[in-house]
Amino acid sequence: MLPVKQFTEFIEQNHLFTHGSKVLAAVSGGMDSVLMAHLLKAAGFNFSIAHCNFRLRGDEALADQEFCKNLADQLGVPFYTINFNTQQYAAENKISIQMAARNLRYQWFDQLKGQHGYTVIALAHHQNDAIETILLNLTRGTGIAGMHGILPKNGSLVRPLLFLTRDEIEKVVTIAGLKYVEDSSNASVKYARNKLRHEVIPKLKELNPNLENTFEQNLQHFRDMETLLELQVAELKKDIFIYDGDEVHLSISAVKNLNPQRLLLFKLLQDFGFNKAVIDDMIASLDKHPGKVFESTGFRLILDREQLIITKKGRDKPQHTVINENTREVNYGNYKITLLPDDSPLIIRDNPLAVSVDAALMIYPLIIRNWEQSDYFYPLGMKGRQKLSDYFIQQKIPLHEKGAIPLLVNGNGDIIWIAGYRSDERYKVNDNTKKVIIFELIKI
């Protein structure tokens, strides 16, 4: 007697799929996946069978492939199969055989799903698989997400047998007289999961014969805790994330008030790819190193004086832009700079977005570029020169914004104008000026 009622109830309770769904069942030929295929058939679901031959067990693997084809014929459902050169793939990608097999099968499943319009991919994991996964995660190191075990649904991947233990599956299959194949590699303890299955879990069951039920209860607690944490993090994001274009800003004072700080900051920044080691370094630097930069694969985080600033990596700095004598408009990054010659000695005051300079002092071509570490200028109204790095610090300009500020540079290398901020004393309009050029900065 197949547990069809419990099977369909578990599917409905966890919103895995419906009778209107198109299900792709991953079947190895082993006891678990064979039972899943028979249950899908008995419950009246629309499904097909997909089988992978990883070419790791010679004739045995070929026999499994033939068995699965015959099973699909017996159940009257479509059948897909593929042969992988798993060892070659593992060597080329410098990963383990197990990881190679995992990558290959999931890539193929996704391909079939897209090509043939399947709604979900059904996998035959059960409660003991979930226990093994938690123990593996604990052994390797994990956070709360690694404690929820194998989820019934993860995107398009569904696991409709998670209501059963391995012993219960074996009992059902035996009573129903279902045929299946044995994978000889499952008996080997050279793989970490098999070692747990054959050596560790039996010892734990000596301490607790109801280990599966206990773990299932614990899994639910962990999942509830994870949900609670995710809800709190979502609320925190609303409170402390400030969005400025494609940047995200976080107040340092708000970060300091997080409790527990390390856990919440990790969860807040998790989507940006910052790992726990970087988070620890970040926390240690909050009071010490303004200007320090932290990087993940796709993002850069700058520790500014009063806030953390997250920007996307790969935003190219604008290239040098040339201004010739007849140029009247140029684009530079997110800015447009216009030029207007004037026959009068017009002086523009109190407008950092525009400047008038003595036309006779221009040496063409002029250049628009970003700042460099050795740059200096003579600030308007001052006699001495100042390094731009010091000027930016005085103006409290965040590190990530400095590189986007356009500098107007004369043909002799002098900085004429820090666009949007301050011009150079040497190029100001004076009593001897006959003509001016007015430069205006416009944000695009």
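Modeller: The protein has 14 helices and 22 strands. Its radius of gyration is 33 Å, well over the 22 Å that the globule rule gives for 444 residues, so the protein is more spread out than a compact globule. This is a predicted model. Along the principal axes, the C-alpha trace spans about 105 × 45 × 40 Å.

A few totals come next. Of the 444 residues, 44% are buried. Take the contacts with a separation of 6 or more: 66% of them join residues 24 or more positions apart. The accessible surface is about 23700 Å². Carbon and sulfur atoms hold 50% of that surface. Then the charges. There are 52 positive and 52 negative ones, and their mean positions are 2 Å apart.

Now the close look. Where is asparagine 410? It is in the loop between strand E19, residues 407-409, and strand E20, residues 415-418. Is asparagine 410 buried or exposed? Its relative accessibility is 2%. The cut-off for buried is under 20%, so asparagine 410 counts as buried.

What does the side chain of asparagine 410 reach? It comes to 3.0 Å from the backbone oxygen of leucine 361. Leucine 361 is also on the contact list of asparagine 410. Leaving out residues up to four places away in sequence, that list reads Leu361, Met362, Ile363, Leu366, Ile416 and Tyr427.

Some of the backbone around those contacts deserves a look too. A cis peptide bond joins tyrosine 364 and proline 365, with omega about 0°. Proline 365 sits in the loop between strand E15, residues 354-358, and strand E16, residues 366-369. Leu366, a contact of asparagine 410, falls within the span of E16.

A cis peptide bond also joins asparagine 259 and proline 260. There too, omega is about 0°. Proline 260 is placed between two helices, in the loop from H10 (252-256) to H11 (261-269).

Next, the residues with a positive phi. Histidine 15 is not a glycine, yet its phi is positive, at about 55°. Its loop runs between helix H1 (4-13) and strand E1 (22-26). Histidine 15 counts as exposed because its relative accessibility is 62%, and the cut-off for exposed is over 50%.

Aspartate 350 also has a positive phi of about 55° without being a glycine. It lies in the loop between strand E14 (335-342) and E15. With a relative accessible area of 82%, aspartate 350 is exposed.

Glycine 384 belongs to another loop, the one between strand E17 (376-377) and strand E18 (386-387). At a relative accessible area of 35%, glycine 384 is partly exposed. Beyond residues up to four places away in sequence, glycine 384 touches Phe377, Tyr378 and Pro379. Glutamate 425 is 41 residues from glycine 384 in sequence. In space, their C-alpha atoms are 9.4 Å apart.

Serine 96 is in a loop between helices, with H4 (86-93) on one side and H5 (97-116) on the other. It is partly exposed, at 42% relative accessibility. A polar atom of the serine 96 side chain lies 3.1 Å from the backbone nitrogen of methionine 99. Threonine 86 is 10 residues from serine 96 along the chain, and the two C-alpha atoms are separated by 9.7 Å.

Last, a residue within a helix. Arginine 223 lies in helix H9, which covers residues 211-240. Its relative accessibility is 14%, so arginine 223 counts as buried. What does arginine 223 touch, apart from residues up to four places away in sequence? The contacts are His148, Ile150, Leu151, Pro152 and Glu216. Valine 4 is 219 residues from arginine 223 in sequence. From C-alpha to C-alpha, these two are 26 Å apart.

Back to your residue, in brief. Asparagine 410 is a loop residue. It is buried, at 2% relative accessibility. Its side chain reaches the backbone oxygen of leucine 361 at 3.0 Å.

Note on methods. Residues are numbered from 1 along each chain as its sequence is written. This is a predicted model: local features need pLDDT of at least 70, side-chain atom pairs count only at pLDDT 80 or more; totals for chains, interfaces and linings use all residues. Side-chain values use heavy atoms; hydrogens and water are left out. Helices (H or I, at least four residues) and strands (E, at least two) are DSSP runs, numbered from the N terminus. Buried means under 20% relative accessible area, exposed over 50%, partly exposed in between (1.4 Å probe, protein chains only). A polar contact is a pair of N or O atoms within 3.5 Å; within protein, one must be able to donate a hydrogen and the other to accept it, and residues adjacent in sequence count only if both atoms are side-chain atoms. Contact means heavy atoms within 4.5 Å. The radius of gyration is taken over C-alpha atoms; the globule rule is 2.2 Å times the number of residues to the power 0.38. Accessible areas come from the Shrake-Rupley method with a 1.4 Å probe; for residues, only the protein chains shown count as cover. Lys and Arg count as positive and Asp and Glu as negative; His and the chain ends are not counted. The place of a charge is taken as NZ of Lys, CZ of Arg, CG of Asp or CD of Glu.
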